[in-house]
Amino acid sequence: MAKEKRIIRFGVIGCGLMGKEFASAAARWCHLTDVAFEPRITAVCDANPAATEWFVDNVPSVARAYSDYQELLANPEVDAVYCAVPHNLHRQIYVDIIRSGKHLLGEKPFGIDRAANREIAQALAEHPDVIVRCSSEFPFYPGAQQIVNWVNEGRFGRIIEVEAGFWHSSDLDPTKPINWKRRIATNGEYGCMGDLGMHVLHLPMRFGWKPKSVRALLSKIVPERPDGRGGMVPCETWDNAILACDVETADQRFPMVLSTKRIAPGHANTWFIRIQGTEFSAEFTTKNPKQVASLPYAPGGVQAWHVVDAPYKSAYGTITGGIFEFGFSDSILQMWAAFCDELVGRDGMSQPFRCATPEEAAGSHLVFTAALESERTGNTIAIDWEV
Ligand SMILES: NC(=O)c1ccc[n+]([C@@H]2O[C@H](COP(=O)([O-])OP(=O)(O)OC[C@H]3O[C@@H](n4cnc5c(N)ncnc54)[C@H](O)[C@@H]3O)[C@@H](O)[C@H]2O)c1
């Protein structure tokens, strides 16, 4: 007989693109083997009632659909919330979720700016029993997990440099209509950094690679976009960002180049990390999701890249055979498994890689805020991690 699973009753606030991804992950929970927990979406909320219809039609466990999130928070049949709304709403809604005592997986960037992020952190400090994590799925790719293991094993020797990025290209098309992600009021001053940057910083933050300074080059490439009603409107946000960071750890100092690009021709959802070291180098990119490249080196030895098709070896076991490939929706499923595992097991998770923490999200805000100042002044900006 199958083991009885602990059911976690979820509410979803924001039933758009990402809200549906969660519903789909929850619907194929049977994909995971040996997990002692399972999410069940019991309530949904969207300011636009039409957005909740898809959930009512497709998710049989949904008993209530709301247009006011306060009603969802008052529902005792909800233990935890996934919140995926535009960035200008993060502060108010995340703070209210935390104060309601419900656990939260919130979407990045965890507040439209640093002030909003601090208010969320303050609410969490007042409610330490609530588990709060920030959505970031790419490190759950098997190739990325392999790199995490290599870093944890201290394989790299002295780090020469690190490069990490997240690149898209659909904005190269000037006829693509404007949406909330291209407006400062809804997406924030950070622009592409707020939209894509937490994905890029998740692993560096986890490894303790905190930049002590940053020099940023931000670019706006497409100045206006169709408004969808026959006119044109300003496209206000930064399209691309390149951040040159100076990282200092207890025993190392090395350059780290982070990039978030909405306009990287030919790239659709390309997340990557490259670490070069004196004893070992490694690289993983979702462009080639099966492949992990590594180069072990001993003094005087051959410098040869080894490229292997990584087996489907995820943080949480699945029914998928090791010979098959891993994809975006698998990374979402794995992230959800990690969140539910932590809700149930707290410090006793069944594998060690947890979702991005509020502290890691706060670190990303420090970097993005310094990057904006660097762009404004043309200077390299020191980052104070003690604040
Ligand atoms: N993890 C990822 O890979 C990933 C990918 C895309 C977006 N995101 C993040 O997810 C969040 C949402 O992005 P999206 O692409 O799903 O956006 P979306 O526009 O598809 O969905 C947002 C939804 O929020 C709803 N909404 C607006 N105001 C609301 C309110 N007051 N109460 C309830 N619902 C409200 C909208 O009606 C809409 O349905 C953002 O924080 C974004 O950065 C994450």
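**Domain arrangement and ligand shell of a predicted model**

The structure is a predicted model, in which local features need pLDDT of at least 70 and side-chain atom pairs count only at pLDDT 80 or more, while totals for chains, interfaces and linings use all residues. Residues are numbered from 1 along each chain as its sequence is written.

Between the two domains, 21 residues of domain 1 are in contact with 22 residues of domain 2, a contact being a pair of residues whose C-beta atoms, placed from the backbone, lie within 7 Å. On the side of domain 1 that touches domain 2, α5 (114-126) and β6 (132-134) each supply at least two residues. The largest share of this side, four residues, is supplied by α5. Helices (H or I, at least four residues) and strands (E, at least two) are DSSP runs, numbered from the N terminus. By class, the side of domain 1 that touches domain 2 has ten nonpolar, six polar and five charged residues. Here Ala, Val, Leu, Ile, Met, Phe, Trp, Tyr, Cys and Pro count as nonpolar, Asp, Glu, Lys and Arg as charged, and the others, Gly among them, as polar.

In the protein chain as a whole, ten helices and 17 strands are present. Of its 387 residues, 44% are buried, meaning that 20 or more other C-beta atoms lie within 10 Å of a residue's own, with C-beta atoms placed from the backbone. Among contacts with a separation of 6 or more, 69% join residues 24 or more positions apart. The C-alpha atoms fill a box of roughly 65 × 60 × 40 Å along the principal axes.

The ligand is surrounded by 22 residues, the closest being Gly14, Gly16, Met18, Ala47 and Glu107; a residue is near a molecule if its C-beta atom, placed from the backbone, lies within 6 Å of it. This shell divides into twelve nonpolar, five polar and five charged residues.

Thr286 lies in the loop between β14 (280-285) and β15 (291-296). Because Thr286 has 21 C-beta neighbours inside 10 Å, Thr286 counts as buried. Leaving aside neighbours within four places in sequence, Thr286 is in contact with Phe138, Tyr141, Asn269, Thr270, Trp271 and Phe272. From Leu203, Thr286 is 83 residues away in sequence and 15 Å away in space, C-alpha to C-alpha.

Notes. A residue is buried if 20 or more other C-beta atoms lie within 10 Å of its own, exposed if 12 or fewer, and partly exposed in between; C-beta atoms are placed from the backbone.
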